[in-house]
Amino acid sequence: MKQYAYFPGCSLEKMAQSYHSSTLETARALDLELKEIDDWNCCGATAYFHVDELLAYTLCARNLAMAEQDHLELVTPCSGCYKNMYFANAHLKHDADLADHINYALEADNLKFAGTGVVKHLIEVFVNDVGLPAIKAKVTHPLTGLRVAPYYGCQILRPRKDHEDVEQPRFFEDLMTALGATAVDFPLKLRCCGGSLILTNREAALSMVRNLLQSAVKAGADVIATACPLCQVNLECYQKQVNREFNTDFSVPVLYFTQLIGTAFGIPPKRLGIGSELVEAKPVLRCESRTPSNPAERSGSHA
Amino acid sequence: MPKTIKFQDEVINLLHATEGNPLNTCMQCGTCSGACPVSAFMDQPPRRLIAMIQAALKDRVLKTNTFWYCASCYSCTVRCPRGIDVAEMMYALKRYSMWKGQHPEGAIGPVFSRTFVKTILKSGRSYEPVLATSYFFTYGVPEMLQEAQMATSLMLKGRLPLLPARIKRLENFRRMIHRIVPLGDTE
């Protein structure tokens, strides 16, 4: 059983509780032990970095130091937390003066950043550390016929962390295929959902959400899969407001990739937090009994 | 007499954790503006903003809404052929304009960011209902109603926290923050 230091992040405490529970359920099924970092604090999100860079790095460093103490790789399901902590870790490792300065602050909480840690996003752990064959082997209820739009969003891939493909990634599609689902060709899969602009520049963000929903629906998606709590909220909870603003009638469920994995593993929906969406997902998830809503269109798209 | 620092050099050196951002190498190709999903809403798209920085139009740069519209998606950063981290430049300009107290009239971004920072300093974790106060009252009545409706739906689904979460070692946490910046009272 491989152990990780688990950093849920503030969103997963409440707004994205279903991401938290489905993460724990699927990790357990895959023999991963996610040991929640005791007394973790906010990573700074985007807003803290708007105000003070040094303090924002300090916030990240406190979490990094606690994971180091346990000699575990840090894993987080939130793309924003991932980006912040990945780069805080990289910058502090690279810049001894910065690390010294921040270590002076960490002393106040009896912690020290040594630079021995590794930061990973949950989807990276599933795809690279566990691997698709091992995931496929656990599938008991394949998502046959379910058309999924895999939405990468931004910060899992950007800025580039290592040498990964930031223009044409395939791992999310491959993961969905391993579950028996059909990954649709979703042209805007890397386009931004607006992030926290939904709160500060609503008009811009709603139009960004509209574009994404339109692209997913055009691609014939039954459901959008995401790996970020903010993307989930923007794409799902704001659908009503998008519909009002643009006179559209979108009604696409948006699920976390862990909820889809859990469903394919036969884990009961309730334990995966399915049912807490504002756009109900249960109807599209009943894969076996589901018939194409518009057979002509479906066969057309295969031609 | 000491040489005055050019605005461009200031912006180049605004980032702590890098050896400067090579803005001076910008060749105005426009890849950043093309890649930006929000450029249509900005008064100056990223390419022009960089040109304005190079031309030392400091006051005009600080008055644009450009960096407050940046969603931190980093599409510009990964595509810039000159290796300029355009998105981090936007962060740097946000911080700079907040230090100088110069930002566009009525922008929600700075207020939101300040509220966010206060929340974190108080409890160590973020808390959505407090954050909402920084933008909610800037809305018109229809938006307010929509927002309230959504909050109610989320509440019914158990997705809104009623009480703020707090970290346990809050005293240590605050002392840690004070060692970086002696902020005084965080209330």
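In the predicted model described here, helix α3 (residues 53-69) of chain A packs against helix α5 (residues 96-106) of chain A at an angle of about 70°, the two axes being 10 Å apart; axes are lines fitted to C-alpha atoms, for helices over the stretch in contact, and angles run from 0 to 180 degrees between N-to-C directions. The helices α3(A) and α5(A) are therefore roughly perpendicular to each other, in a scheme where angles of 65 to 115 degrees are given that term, those under 35 count as roughly parallel, those over 145 as roughly antiparallel and the rest as oblique. On the α3(A) side the contact is made by Tyr57(A), Thr58(A), Ala61(A), Arg62(A) and Ala65(A), which meet Ile102(A), Ala105(A) and Leu106(A) of α5(A), two residues being in contact if their C-beta atoms, placed from the backbone, lie within 7 Å. By class, the residues of this contact of α3(A) with α5(A) comprise 6 nonpolar, 1 polar and 1 charged, where Ala, Val, Leu, Ile, Met, Phe, Trp, Tyr, Cys and Pro count as nonpolar, Asp, Glu, Lys and Arg as charged, and the others, Gly among them, as polar. Helices (H or I, at least four residues) and strands (E, at least two) are DSSP runs, numbered from the N terminus.

Residues are numbered from 1 along each chain as its sequence is written, while chains are lettered from A and ligands numbered from 1 in the order in which they are written. Local features need pLDDT of at least 70 and side-chain atom pairs count only at pLDDT 80 or more, whereas totals for chains, interfaces and linings use all residues. The average pLDDT of chain A is 93, and 94% of the residues score at least 70, pLDDT being the predictor's confidence in each residue, from 0 to 100. Over residues 288-303 of chain A, however, pLDDT stays under 50, and for this stretch the model has 3 contacts beyond four places in sequence.

Chain A is divided into domain 1 (2-121) and domain 2 (142-302), with bounds that come from an automatic or database domain assignment. The centres of domain 1 of chain A and domain 2 of chain A, taken over C-alpha atoms, are separated by 26 Å, and their contact takes 22 residues from domain 1 of chain A and 25 residues from domain 2 of chain A. On the side of domain 1 of chain A that touches domain 2 of chain A, the elements giving two or more residues are α1 (17-29) and α4 (79-94) of chain A, and α1(A) gives the most, with 9 residues. That side of domain 1 of chain A divides into 9 nonpolar, 11 polar and 2 charged residues.

Chain B has 11 helices and 0 strands, and its C-alpha atoms fill a box of roughly 55 × 40 × 30 Å along the principal axes. Of its 187 residues, 34% count as buried, a residue being buried if 20 or more other C-beta atoms lie within 10 Å of its own, exposed if 12 or fewer, and partly exposed in between, with C-beta atoms placed from the backbone. Among contacts in chain B between residues at least 6 apart in sequence, 55% join residues at least 24 apart. The domain assignment of chain B gives domain 1 (7-99) and domain 2 (108-180), whose C-alpha centres lie 28 Å apart.

Between the chains, 52 residues of chain B are in contact with 50 residues of chain A. The elements that give two or more residues to the chain B side are α6 (75-79), α7 (86-99), α8 (108-123), α9 (128-136), α10 (141-156) and α11 (170-180) of chain B, with the largest share, 8 residues, coming from α8(B). This side of chain B has 28 nonpolar, 12 polar and 12 charged residues.

Several backbone features are also noted. Most residues other than glycine have a negative phi, and most peptide bonds are trans. Arg158(A) and Pro159(A) are joined by a cis peptide bond with omega of about -10°, and Pro159(A) lies in the loop between β5 (147-151) and α7 (171-178) of chain A. Ala45(A), in the loop between β2 (32-36) and α2 (47-51) of chain A, has a positive phi of about 50° although it is not a glycine, and Ala45(A) is buried, with 26 other C-beta atoms within 10 Å. Gln28(B), in the loop between α1 (7-12) and α2 (31-35) of chain B, likewise has a positive phi, near 60°, but Gln28(B) counts as exposed, with 12 C-beta neighbours inside 10 Å.
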